[in-house]
Amino acid sequence: MKGISGKVVTLTVFNRWGNKVYENNAYDNSWSGTPNVSGLIIGNNKLPQGTYFYIVEFEDAKGKSINGYVVL
């Protein structure tokens, strides 16, 4: 499956304590703030408001990645 711009992309998102809250090995730019890893889930099945750290890895980038922060 191809993700962003026709590339195979892995997205991993961590909370402020470094716990993985989301991972997708065929990411297609559709993350809506819902966790898919066990952990804290609020009543509407979304992560709580806060700042999250992400890592985007491209399959063909030979180990290079992009990272940053996203605020929900």
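Rings of Phe, Tyr and Trp (its six-membered ring) are taken to pair if their centres lie within 6.5 Å, with planes under 30 degrees apart counted as stacked, those over 60 as edge-to-face and the rest as tilted. By this criterion, a search of the whole structure returns two aromatic pairs. One of them joins Y22 and W31 in a tilted arrangement, with 5.6 Å from centre to centre and 40° between the planes. The model is predicted, and therefore local features need pLDDT of at least 70 and side-chain atom pairs count only at pLDDT 80 or more, whereas totals for chains, interfaces and linings use all residues. Residues are numbered from 1 along each chain as its sequence is written, and side-chain values use heavy atoms, with hydrogens and water left out.

The protein contains zero helices and four strands, where helices (H or I, at least four residues) and strands (E, at least two) are DSSP runs numbered from the N terminus. Along the sequence the pattern reads β-β-β-β.

Buried residues (under 20% relative accessible area, against over 50% for exposed and in between for partly exposed, with a 1.4 Å probe and protein chains only) make up 26% of the 72 residues in the protein. The largest nonpolar core has ten residues, namely V9, L11, V13, V21, Y22, Y27, W31, L47, Y52 and V56; such a core is a set of buried Ala, Val, Leu, Ile, Met, Phe, Trp, Tyr and Cys residues joined through side-chain atoms within 4.5 Å. At least two residues of this core are supplied by each of β1 (9–14), β2 (20–24) and β3 (51–58), and the largest share, three residues, comes from β1.

Leaving aside neighbours within four places in sequence, Y22 is in contact (heavy atoms within 4.5 Å) with L11, T12, V13, Y27, W31, T34, N36 and V37. Of these, T12 lies in strand β1 and counts as buried at 6% relative accessibility. With residues up to four places away in sequence not counted, T12 touches K20, Y22, E23, F53, Y54 and I55.

V37, by contrast, lies in the loop between β2 and β3 and, at 28% relative accessibility, counts as partly exposed. Its contacts beyond four places in sequence are with K20, V21, Y22 and E23. The C-alpha atoms of V37 and V13, which are 24 residues apart along the chain, are separated by 9.9 Å. Over the protein, residues 24 or more positions apart account for 32% of the contacts with a separation of 6 or more.
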